[in-house]
Amino acid sequence: MQFDYANILVFLGLGAFLCALMMGLGALLRPSNPERAKLTTYECGIEVEGSSWINFNIRFYVVALVFVIFDVEVAFVYPVVTVFKQWVADGRGLFALSEIILFIAILVCGLVYVWRKGDLDWMKTIAPAPAPAPGRTDAAAPGGRVDVAA
Amino acid sequence: MRAYLDAIAAGYPTVSPALVYLIGMLAFGALVVFVFILPVAGITSWVERRVWARIQSRIGPNRVGPGGFLQWLADGLKNLLKEDVIPAAVDVPLFRIAPYVVVAGFVAAFVALPFAGSLIIADLNIGILYISAITSLVVIGILMAGWSSNNKWSMLGGIRSATQIICYEIPVGLSIFPVVLLSGTLSMQGIISAQGWAPTSWHMFHSPFLFVSFLLFFVGALAEGNRTPFDLPEADSELVAGFATEYSGMRSLLFFLAEWGNLYVIGVLVSTLFMGGWQVPHFTDNGVVLAVAQFATMFVKAYFWVFVAMWVRATLPRVRVDQFMTLCWKYMVPIGLVNVVGTATMMVVLPQGSIVLRWIMVAMTAAILVQFARRVFFHLRRANYGRLGRISEGAA
């Protein structure tokens, strides 16, 4: 057991060693002529505008939250699916199946919830805008736009 | 591998077994990393360029060595001699560490990848779970690279990459479950042993659920490997080079080494989970010959999927961000959940599976492949490019 997991450490070390070897070999061979213009940040050849360490789109954060919920679910299902075959052989298959279905049904509720909330769409619309009617719209028509310029 | 080391340790009773294990682990590890991973990743880059060239009616790199075969060595050497530019604005420690994390995470996946029946570094009892966990280290490395570069392109690329990889981990996980249900184990060798060498005994053809799982897994694995059509993180036409924009020379090559090597990992996973892995008919009692045949089978199966990934990359355009979100959450995740429940239900109803269903699945797949081949030959004849396989010369 320890032997198997020691191998993982050895491989992680070897991966890092591989990088260090390549970088080290390169350090002996490659030129190094840093100058101010070369060390500027690449921005398509124009002057750099401010730092890049700024706030970014909140969408990525929401996606990460949804991911965490579903990944925890995946982690919980792993042991169940591993023993399922044994349970079927023992004649408890129906019991295990109903438990799996119950668990996944709860998850589906979560999926339906985030879906309905619009968190799975990249562009989230708070309130659906009424579809513009073709041609001039009547101001009295329900949901129609009032054409101010006309 | 443990068995070999035990045999060696028994031969040298005066040496402590721990020392034998340590030396053995380092030796086998170095063998796998330097004799297998490096050449496979390098040669894949050359094969990829040649395959694209053929698909696009070009010739591709053919000057260095026979057929351009040594191109990957020349590229490596060139990158070794390139200046290592570290821009002034970057966060230097993170910028330097990022390639190490990416490569270490990718190399560590090879611990549990089976090469043949008796050739595996360590047959972990949580094999497939371990692999899906350790390959996630790559996300951290890419996010580090993207953030530390202090460059708008890198930042966008890094965050997009992290989003994409974590999103597609869910459908990939869900498409592994039906296989685990059928095998009753997470160990890679156990999953292969639950299948046979004949296509009718592969997990892929067990039922329609498994076949859909296989498709989900391949698409999800492409997305996790940042491959076209899911190469948003390094979308050349919009983000320069994505998270690798500020990297130059050897450092950037290390990222691409991991990407090409990852293709082989994807190939091995697909063939292990769904296509019977290294299983060959037991045609000889000679263990060495059998091991070589198993290794060759595994390699050919895995490399076939590497080829398909190249083919996909040369064929399909890139998806948009909202499209990959829709594909992942609104199609692949619900289908994956249906697959898990469907497979579990089928195991309760038919614990032994149905051989008739397996034959029908194999026959349908064969029919689709035959029809596809007929279409290809039909178009090749119409294109009038001369002999098959001589397209580039014929077109010139």
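Chain B has 15 helices and zero strands. Please keep in mind while reading that this is a predicted model.

**Chain B as a whole**

What radius of gyration would a compact globule of 396 residues have, and what does chain B have? The globule would come out near 21 Å, and chain B has 22 Å, which agrees. Along the principal axes, the C-alpha atoms of chain B fill a box of roughly 70 × 65 × 45 Å. Buried residues account for 48% of the 396 residues in chain B. In chain A, buried residues make up 17% of the 150 residues.

**Where the two chains meet**

The contact between the chains takes 64 residues from chain B and 58 residues from chain A. On the chain B side, helix 2 (17-55), helix 4 (92-108), helix 7 (152-183), helix 11 (249-274) and helix 13 (321-349) each supply at least two residues. Helix 13 of chain B gives the most to this side, with 13 residues. By residue type, the side of chain B that touches chain A divides into 45 nonpolar, 10 polar and nine charged.

Two packed helices are described by the angle between their axes and the distance between the axes.

Helix 2 and helix 11 of chain B pack at an angle of about 95°, and their axes are 8 Å apart. An angle of 65 to 115 degrees counts as roughly perpendicular, and these two helices of chain B are therefore roughly perpendicular to each other. From helix 2 of chain B, the contact uses B:Ile37, B:Val40, B:Ala41, B:Thr44 and B:Ser45. Helix 11 of chain B answers with B:Leu257, B:Trp260, B:Gly261, B:Leu263 and B:Tyr264. Together, the residues of this contact between helix 2 and helix 11 of chain B divide into seven nonpolar, three polar and no charged.

For helix 3 and helix 11 of chain B, the packing angle is about 140°, with the axes 7 Å apart. That makes helix 3 of chain B oblique to helix 11 of chain B. Here B:Gly76, B:Asn79 and B:Leu80 of helix 3 meet B:Gly249, B:Met250 and B:Leu253 of helix 11. The residues of this contact between helix 3 and helix 11 of chain B split into three nonpolar, three polar and no charged.

**Helix 9 of chain B**

Is helix 9 of chain B enclosed or exposed? Of its 17 residues, 13 are buried, so helix 9 of chain B is largely enclosed by the rest of the structure. This helix, residues 208-224 of chain B, reaches 24 Å from its first C-alpha to its last, close to the 24 Å expected at 1.5 Å a residue. Just after helix 9 of chain B, B:Asn226 takes a positive phi of about 55°.

**Residues with a positive phi**

Most residues other than glycine have a negative phi.

| Residue | Phi |
|---|---|
| B:Ser57 | about 55° |
| B:Asn150 | near 55° |
| B:Asn226 | about 55° |

B:Ser57 is found in the loop between helix 2 and helix 3 (71-80) of chain B. With 13 C-beta neighbours inside 10 Å, B:Ser57 counts as partly exposed. B:Asn150 has its place in the loop between helix 6 (137-148) and helix 7 of chain B. Is B:Asn150 buried or exposed? B:Asn150 is buried, with 20 other C-beta atoms within 10 Å.

**A stop in chain A**

Finally, look at A:Asp121, which lies in the segment after helix 3 (93-117) of chain A. A:Asp121 counts as partly exposed, with 15 C-beta neighbours inside 10 Å. The C-alpha atoms of A:Asp121 and A:Val63 are separated by 9.9 Å, while the two residues are 58 residues apart along the chain.

Notes:
Residues are numbered from 1 along each chain as its sequence is written. Chains are lettered from A and ligands numbered from 1 in the order in which they are written. This is a predicted model: local features need pLDDT of at least 70, side-chain atom pairs count only at pLDDT 80 or more; totals for chains, interfaces and linings use all residues. Two residues are in contact if their C-beta atoms, placed from the backbone, lie within 7 Å. Helices (H or I, at least four residues) and strands (E, at least two) are DSSP runs, numbered from the N terminus. Ala, Val, Leu, Ile, Met, Phe, Trp, Tyr, Cys and Pro count as nonpolar, Asp, Glu, Lys and Arg as charged, and the others, Gly among them, as polar. The radius of gyration is taken over C-alpha atoms; the globule rule is 2.2 Å times the number of residues to the power 0.38. A residue is buried if 20 or more other C-beta atoms lie within 10 Å of its own, exposed if 12 or fewer, and partly exposed in between; C-beta atoms are placed from the backbone. The expected span of a helix is 1.5 Å times one less than its number of residues. Axes are lines fitted to C-alpha atoms, for helices over the stretch in contact, and angles run from 0 to 180 degrees between N-to-C directions. Angles under 35 degrees count as roughly parallel, over 145 as roughly antiparallel, 65 to 115 as roughly perpendicular and the rest as oblique.
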